[in-house]
Amino acid sequence: MTTWLTIGLLFTFAAIAFVIYRWGNVECIGVTPVRTFTFIAILFTSGLDVGLIMFPLTEFAGYADVAASPEYGFSNPLAIEFGFWAFLIWAFYFLTCFYFCVIEPRVKFFEIPLIKFINNLVIIGTCAFTAYLLLTNLPWYLPGMGDGETIVSSFYLIVFAVIATAVYSSTSIRYVRTLSLASTWMFLGLIVIMWAGAFLSDGSGVGEFVTTFAMIGDYFGNLHHFVLPMNDYHEFYLFWWFAWSIMIGQFTSRFVGGMKTYQVLIAMMVFPSIPIAVWFTVLYYYSANEIATTGFYNLAMVMVGITFVINSLDSLIRLYTDNLNLTVQRFGKTKYIIGNIVLMSGLTLLFQLDFLQIQWVGAVAIGLILGCFGYILAKKYKQVATIEHSPKENKIDFTKIELAN
């Protein structure tokens, strides 16, 4: 698995360099373009899940224990956490977003029946894994509803409600802008509230925040450590990002609103990384200074995490139902909602039983990416070589989102 992952990583970074070299100034226009801020909000909230909110507080101590994990000794826990979640790995999304916006309409690799089927298995599996993460983290963040360790019936009800809400919101693409912008503002509000609680309550103020924030700079000085997997846990993260990469690229590509290719790369790597860096800084201060997050703060994090999950599931459910023609228009809203709730709930339970693993899903995604490249070389090289612009039928019209179903 490590060798397969390494091949996927090296190919991805080489492909990104080639895309910027060959098509760096191409104007990217999706089928339903939106303005840049809305695009970034959709990208950020669709491209992340509850792990961003719930994982760091449980991981900082492990990254700090260099006696048990000497591979983390090159940097500090905050920089390592940032490296697992931000900047370089968002380039995965850029590559697939550009591909689906500019190249796939000419190649149609993902329209091949077998490829479409496999791709949608990846989407459905990752969708269920997102719900599973919420389920498994709730005991830690809501210990008052249980013993803080085991999953109780209340947690299953919460996850079921989240799945049902996401399925309902996926019935119309018009919800995506509202949901994405709301998620973004809620996340920013959570950062402000927890920053005020940590840095102002003990009198440390802005200076301590800046000092802590500066620790992330060590990531950029050690960027090469994050290119290939440093251990099994980093490998898990990288497979996880690959599992997301194709479907997030496919989903976000429809919303690109006229940015040039190099601008899309910058937007995707830089803009999501800024709030992630600020958020991790706040959480690291809580961890390093042993400030409790029980009560209100944990509840606030759960609420934002749930919103992120709804947003992510919404986009993924809409994507696989569109791809497989399992739409509201075909089956009606009632059958659509019931069918997707049953599917997502069942697969979530399979992840809990260790019947599925996200590493397998990521490995399949790498196979799809490499298979697509081989298909282009074998059958579509001339068509791709002559590409100089986005599909002509895609026009910059920011009102399309209002008219979409």
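Start at K108, which sits in the loop between helix 6 (91-107) and helix 7 (113-141). This is a predicted model. Look at the backbone here: K108 is not a glycine, yet its phi is positive, about 60°. Now show the surface.

Next, select helix 7 (113-141) together with helix 15 (296-323). How far apart are the axes of helix 7 and helix 15? They lie 10 Å apart, and the two helices pack at an angle of about 165°. Angles over 145 degrees count as roughly antiparallel, so that is how helix 7 and helix 15 run relative to each other. Their crossing is left-handed.

Show side chains along this contact. On helix 7, pick residues including K116, N119, I123, C127, L134 and Y141. On helix 15, the residues they meet as a group include N298, M301, I306, V309, L316 and N323. What classes of residue make up the contact of helix 7 with helix 15? There are 16 nonpolar, six polar and one charged residues.

Now move to the loop between helix 15 (296-323) and helix 16 (328-331), and select N325. This residue is not a glycine either. Its phi is positive, near 55°. Is N325 buried, exposed or partly exposed? N325 has 40% relative accessibility, so it counts as partly exposed.

Key. Residues are numbered from 1 along each chain as its sequence is written. This is a predicted model: local features need pLDDT of at least 70, side-chain atom pairs count only at pLDDT 80 or more; totals for chains, interfaces and linings use all residues. Side-chain values use heavy atoms; hydrogens and water are left out. Helices (H or I, at least four residues) and strands (E, at least two) are DSSP runs, numbered from the N terminus. Buried means under 20% relative accessible area, exposed over 50%, partly exposed in between (1.4 Å probe, protein chains only). Axes are lines fitted to C-alpha atoms, for helices over the stretch in contact, and angles run from 0 to 180 degrees between N-to-C directions. Angles under 35 degrees count as roughly parallel, over 145 as roughly antiparallel, 65 to 115 as roughly perpendicular and the rest as oblique. A crossing is left-handed if the near helix is turned anticlockwise from the far one by less than a right angle, and right-handed if clockwise. Contact means heavy atoms within 4.5 Å. Ala, Val, Leu, Ile, Met, Phe, Trp, Tyr, Cys and Pro count as nonpolar, Asp, Glu, Lys and Arg as charged, and the others, Gly among them, as polar.
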